[in-house]
Every structure is written in structure tokens, then in C-alpha cells.
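Please examine the sequence and the structure before reading each solution.

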Amino acid sequence: MPIRALTRRVACFALLAAGAAGFAVAHAPVPEPQVVRGEQCVAPTDVMRRDHMDFLHHQRDATVIEGLRTPRFSLERCVGCHADKDASGTYLRVDAPGQFCSTCHEYAAVELDCFGCHAARPYQDENAGIDARFPFHGLAFRQPHAGRPGIGATGSVLHD
Amino acid sequence: MTESARLADRYRRRFLAAVGVGAVLGSGAIRLVELAAAKPDDQPVSGEVRWGMMIDTSKCAEGCTDCVDACNDEHGLDGFGRPQTDAQWIRKLEVRERATGKVTSLPMLCQHCEHPPCVDVCPTGASFRRADGIVLVNKHTCIGCRYCMMACPYKARSFVHENLTDQRPWSPRGKGTVESCTFCVHRIDRDARPACVEACSAAGHGAMVFGDLNDPDSDIARRAREVPSRQVRPDLDLNTGVRYEGI
């Protein structure tokens with residue numbers, strides 16, 4: 001084999017190896033967002049990962065325009081379950097770095113714009129209990145899913 | 001029968017008519033109990049209802065801001081200390097009649113018109129009138145052009161100029177969108193009255209009555225029928241949902 005062809009082959013192999021190495025580096029491990037509370041979400045995890053934006057998009061129109069307030073895909077309830085607390089017991093924003101939403105959204109490089117308007121953490125009032133001041137909001141995070149139609153007391157699977 | 005019970009009864013009848021009595025009975029008694037409590041979460045609002053408010057200005061004291069404070073608290077309208085641009089969903093006005101000097105105090109808020117000019121001018125359809133007569137901004141589609149603010153004869157709308165954090169979960173608000181009184185739609189959908197009406201009534205003023213104008217047996221419809229009241233700028237023919245007594 002002429003020496004030039006051999007050099008070419010060695011160079012090709014080196015390039016391929018480098019490419020493969022580069023490819024492996026580009027594949028950062030898929031993040032596993034931390035689940036704070038509740039045993040089960042409103043749908044299986046793979047469905048939620050793929051379709052949660054469609055559920056929310058559908059729900060937002062139904063709620064704003066038609067006044068349909070079924071709890072299953074309510075963003076308020078998503079936040080109620082998925083917001084973590086810090087050491088002092090204060091809720092953290094779900095879109096803060098390392099928190100539930102941002103973990104995957106940063107990985108996928110998809111901007112989150114829900115929380116420009118929507119509350120990114122459950123409402124906390126230092127002065128009074130939520131029920132005293134705002135008695136009309138059966139907020140999921142206080143007593144997870146208790147007493148609401150379609151939701152089991154332990155936050156089990158829901159069927160609308 | 002209370003007003004809420006009557007409303008629930010109407011929802012129940014409509015539901016029964018839609019799906020058939022047999023199907024409902026088959027699904028068990030618990031379902032019926034839920035339906036009787038309030039508008040069910042999974043049923044759309046109905047055009048049979050027209051929410052309205054009656055304000056008795058003779059009971060509205062000068063300088064009292066109970067309704068305004070309750071609104072600000074309910075919706076988290078904290079403001080930035082800039083009264084020219086801070087959001088204001090309900091405000092108190094003192095109106096003086098030139099000829100007599102008589103001063104009338106009244107709260108001014110979105111009048112929830114039947115023919116809202118804000119809806120006419122909205123280029124995206126974000127400003128809309130819900131089936132039950134509540135005029136709202138769908139902030140998902142609002143582009144912040146503020147045509148509606150210019151069109152509103154009551155100066156009822158505000159624009160959010162700055163980034164907000166820690167909004168109330170039941171009242172989403174954000175920079176670049178227009179907002180106004182929602183009649184506390186989140187409360188209405190759970191069978192409760194707006195925060196301002198609750199506050200006015202809790203403080204013992206009783207200047208505000210809220211209810212279904214289409215229900216002839218409701219307090220507000222009876223009052224509209226029996227007591228003289230008027231709309232602000234009736235010449236515009238907007239058929240407002242908010243009416244005033246004593247002006």
C-alpha cells in the first residue's frame with residue numbers, strides 16, 4: 001500500500017474517532033427532574049413529558065374563554081405539586097435554576113413563558129392563612145387534591 | 001331559595017336536558033349532589049346568565065376605599081408608587097353637580113358592557129366578552145397595543161409596564177398586557193361574589209349588589225326593576241352590566 005493512501009486512511013480513522021467522541025459529549029444525560037410530592041401525576045410520566053404543553057394550551061383556552069375549571073390540567077395545580085421548599089419553608093419558583101420546570105427546559109433549550117404572568121410558586125401569606133383571606137381557592141398544595149371532584153384524596157390518578 | 005341555589009338549579013336543569021335523565025341517574029347520586037352545589041367545573045359558562053352589579057351611591061361614603069383595597073388585595077395590585085401608570089381595576093370618583101354642588105361618591109370599574117367598545121377594537125380577539133356577560137382580556141393573545149384602553153369610555157383598563165413576580169395564582173398578570181376588572185371571575189366560577197362586593201357588605205355599607213340580571217327573581221334584577229337606576233353614559237348604548245342608583 002502506498003504510504004499516501006495509508007496516511008489518508010489513518011487520518012480518516014482519526015477523524016471518525018474524534019467525531020464519535022464529540023457526538024458522545026454532545027449527548028448530555030437526560031435530566032430527571034426531582035418530584036417533590038405526590039405519588040402519581042395526572043398522566044404517566046412519558047405522556048406528561050411529551051404532551052404537557054398541549055394539555056396546558058388546551059386548558060388555558062377552555063378556562064379563560066369558557067370558564068371550564070377542571071382541575072386535572074390546571075397550571076395552578078401543577079405548580080402546587082411541583083414547587084419545592086427551601087430550608088426555611090419558603091416555596092421556590094418552579095422556573096428557578098435546578099427546579100422542576102427549568103431542569104428539562106434548560107436541557108431542551110425551550111424558553112418558559114408561562115411564569116411571566118402566572119404564579120411560579122404557591123401563594124404564601126405570612127400574616128394569615130390562605131383560607132382566612134382567600135377562602136375560594138381550593139389550592140392543591142395545602143391539602144393535596146382533597147375534596148375536589150375527580151381527584152383522589154391521596155392525589156391518585158385522575159379521570160375527568 | 002338563595003340566589004346561588006337558584007343558579008345551580010338552572011345549571012342542573014340545563015345539564016339534565018342535555019344528557020338525558022337516565023344517564024345522570026345511572027351515574028349515581030354523588031354526581032347530582034355536585035351539580036346542585038355550583039356550576040360544575042366541567043361545564044362551560046352559560047349565556048342564560050348575565051352578571052351585573054348595582055351600586056347605590058347614597059350608601060357609598062366619600063373617602064371610603066374598602067372596595068378598592070379588597071380588589072388590590074385579591075389581585076395583588078401592589079403598584080410601584082407611580083399613580084399615573086399603576087394598575088387600577090376599581091377606583092373611587094367624587095362627582096360634583098355644577099348647578100347644585102351636590103357631591104356623589106362612587107366606585108368606577110369595568111362596566112361589563114353588552115356591546116363593549118374594547119372588544120370591537122381589539123386586533124387579536126384577546127379582548128372578549130364571555131358568554132355570561134363578563135368582559136375579559138385573554139392575556140395569552142393580548143399583544144399590548146392598548147387600543148382597548150383608548151376605546152373604553154370609562155377608563156377602566158390598565159397596562160402592565162413592568163415585570164411582575166409573585167402574582168396571585170388565581171389572577172395571572174404580566175408585563176405587556178392590558179388588564180381590568182374581571183368581576184372576580186375565579187370567584188364567580190366557584191359560586192362566590194366579587195371581592196369588592198364582599199368587602200362592601202362585610203364592612204356593613206351594603207352599597208354593592210351583585211347577581212344575575214337575567215334571573216327575574218334575583219336581588220339585582222328585582223332592584224333594577226323596582227328602584228330607579230341608570231348607566232353611566234347611557235347615550236353610548238352599550239347596555240352596561242354595572243348600574244348606579246342615585247346619580
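## Exercises on a predicted model

**Exercise 1.** Describe the contact between chain B and chain A.

*Solution.* The structure is a predicted model.

Step 1. Chain B contributes 30 residues to the contact and chain A contributes 26 residues.

Step 2. About 2700 Å² is buried between chain B and chain A, with 55% of it on carbon and sulfur atoms.

Step 3. The interface of chain B and chain A has 2 salt bridges. One of them joins Arg69(A) to Asp189(B), whose closest N and O atoms are 2.6 Å apart. A salt bridge requires such atoms to be within 4 Å, so this pair qualifies.

**Exercise 2.** Classify the aromatic pair formed by Tyr123(A) and Trp170(B), and state where its members lie.

*Solution.* Step 1. The structure holds 4 aromatic pairs over all chains. In the pair of Tyr123(A) and Trp170(B), the centres are 5.4 Å apart and the planes stand at 70°. Ring planes over 60 degrees apart count as edge-to-face, so this pair is edge-to-face.

Step 1. The pair crosses between chains: Tyr123(A) lies in the loop between helix 4 and helix 5 of chain A, and Trp170(B) in the loop between strand 6 and strand 7 of chain B.

Step 2. Both Tyr123(A) and Trp170(B) are buried.

Notes: Residues numbered from 1 in each chain as written. Chains lettered and ligands numbered in written order. Predicted model: local features only at pLDDT ≥ 70, side-chain atom pairs only at ≥ 80, totals over all residues. Heavy atoms only, no water. Phe/Tyr/Trp six-rings, centres within 6.5 Å; stacked < 30°, edge-to-face > 60°. Helix = DSSP H or I, 4+ residues; strand = E, 2+ residues; numbered from the N terminus. Buried < 20%, exposed > 50% of the residue type's maximum accessible area, 1.4 Å probe, protein only. Contact = heavy atoms within 4.5 Å. Buried area = accessible area lost by both parts, 1.4 Å probe. Salt bridge = Lys/Arg side-chain N within 4 Å of Asp/Glu carboxyl O.
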